[in-house]
Amino acid sequence: MCGFLFQNFVENGGKCGVCGDPYQGPYENEAGGKYATGIISNHYDVSAKLINVSVDQTVFKKGYYEFRICPNNDVNSRVQQTCLDRYLLRIDSVEFYPFLGVSKSNVPSLIPGSTRYFPEESGIYKLKLTIPEKLNCSQCVLQWKYVTGKVKGRFNQFIINKLRRKHIY
């Protein structure tokens, strides 16, 4: 999560750093930051049409997931949100594995080709995302965004009406 709820929505207008850091910094998950070591975590053949991602949803808060990708091509340069926004990924399929082996629902609900997925409970979600045609990069940055459907806690009613959802990157 990119900062505390009040800080994120009241002070920063709902904005987050592109890799989940607080909008005003520090940017420890971006190039030059503590956790951005320049390691390329996976390689895909240029003929690949899909990439596999897993989301370990430990706490269920309704809402939806979105995924974006940017051909940043420089491990020393911070990725820009405008680049990520140009490549909103389509979701091809979803597999769901409940934590306790028992699911409340039988099948994950997905409209293939949608850019949003609405999880239905806690567990592990394995999604196949469609790689945009002609996307080629030596260093792509993948962004996962989870917009929750509910806010928990005690807040002034005005703030609750304004906020409604947390954004988690």
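The points below cover the cysteines first, then the aromatic rings.

This is a predicted model, in which local features need pLDDT of at least 70 and side-chain atom pairs count only at pLDDT 80 or more, while totals for chains, interfaces and linings use all residues. Residues are numbered from 1 along each chain as its sequence is written, and side-chain values use heavy atoms, with hydrogens and water left out.

1. How many disulfides does the structure hold? A search of the whole structure gives 2, where a disulfide is a pair of cysteine sulfur atoms within 2.5 Å.

2. One of them joins Cys70 and Cys83, with 2.0 Å between the sulfur atoms. The link of Cys70 and Cys83 is right-handed, with 95° about the S-S bond. Cys70 belongs to strand β2 (residues 64-71) and Cys83 to helix α2 (residues 81-85), so the bond ties together parts that are 13 residues apart in sequence. Here helices (H or I, at least four residues) and strands (E, at least two) are DSSP runs, numbered from the N terminus. Cys70 is buried at 1% relative accessible area, and Cys83 is buried at 9%. For these labels, buried means under 20% relative accessible area, exposed over 50%, and partly exposed in between (1.4 Å probe, protein chains only).

3. Cys137 and Cys140 also form a disulfide, and their sulfur atoms are 1.6 Å apart. The torsion about the S-S bond is about -70°, so the link of Cys137 and Cys140 is left-handed. Cys137 is partly exposed, at 23%, and Cys140 is partly exposed too, at 32%.

4. Rings of Phe, Tyr and Trp (its six-membered ring) pair if their centres lie within 6.5 Å; planes under 30 degrees apart count as stacked, over 60 as edge-to-face and the rest as tilted. Tyr65 is buried at 0% relative accessibility, and Phe67 is buried at 2%.

5. Ring pairs also link Tyr65 and Phe67 into a cluster with Phe96, Tyr117, Tyr125, Trp144 and Tyr146.

6. Finally, two arginines over rings: Arg78 lies over the face of Tyr27, 3.9 Å from the ring centre, and Arg116 lies over the face of Tyr64, at 4.1 Å. A charge sits over a ring if NZ of Lys or CZ of Arg is within 6 Å of the ring centre and within 35 degrees of the ring normal.
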